[in-house]
Amino acid sequence: MSRIQLALNVNDLEESIAFYSTLFGAEPAKRKPGYANFAIAEPPLKLVLIENPGQGGSLNHLGVEVVDSATVDAEHLRLGEAGFAATEERATTCCYAKQDKFWVENAPNGERWEVYTVLEDSETFSAPGSQEQGCCGNEVGSELQPTAAGCC
């Protein structure tokens with residue numbers, strides 16, 4: 001099953017979890033410090049909440065969650081043939097999950113889209129010990145802050 005992902009920056013994670021739990025009649029599928037996601041069956045939606053005080057109500061990024069890496073590969077090929085550039089990431093750790101994904105670049109309005117599959121859960125937000133930017137452009141171990149880099 002594929003579903004659209006909507007990642008939102010929120011000011012207060014607990015307040016937002018309460019609101020979206022009521023709105024969708026579901027509890028988060030995953031909760032971690034500064035992060036929660038909902039796997040909504042109807043409508044098919046992956047709602048990701050990323051606590052970023054002062055940025056609440058803004059879009060972090062968009063995505064399409066797909067069933068497996070073969071589907072990620074097929075979509076990467078299809079969109080590449082359509083002329084869309086993409087940045088590929090394999091076995092990357094982001095948003096408490098190990099993922100295979102790619103980012104569609106150069107959307108007409110600057111929005112960020114990822115096509116991804118979750119390989120397995122992770123206990124860390126991004127790869128431990130990494131000296132690079134974590135997902136969402138955050139320094140590993142820092143507070144979450146939205147940037148132009150990607151996330152989950």
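**Helix 1 and its surroundings**

Helix 1 (residues 13–24) comprises 12 residues and reaches 16 Å from its first C-alpha to its last, close to the 16 Å expected at 1.5 Å a residue (the expected span being 1.5 Å times one less than the number of residues). Helices (H or I, at least four residues) and strands (E, at least two) are DSSP runs, numbered from the N terminus. The model is predicted: local features need pLDDT of at least 70 and side-chain atom pairs count only at pLDDT 80 or more, while totals for chains, interfaces and linings use all residues. Residues are numbered from 1 along each chain as its sequence is written, and side-chain values use heavy atoms, with hydrogens and water left out.

The buried residues of helix 1 are L13, S16, I17, Y20 and S21 (buried is under 20% relative accessible area, exposed over 50%, partly exposed in between; 1.4 Å probe, protein chains only). Seen down the helix axis, these buried residues fall within an arc of 135 degrees, so they line one face of helix 1; the arc is that of the directions from the axis to the C-beta atoms. On the other side of helix 1, E15, T22 and L23 are exposed. What covers the buried residues includes strand 1, strand 2 (30–32), strand 3 and strand 4, with contact meaning heavy atoms within 4.5 Å.

After helix 1 comes G25, whose phi is positive, near 65 degrees.

Turning to the strands, N9 lies in strand 1 (residues 3–10) and counts as buried because its relative accessibility is 1%. By contrast, A41, in the loop between strand 3 (35–40) and strand 4 (45–51), counts as exposed at 60%.
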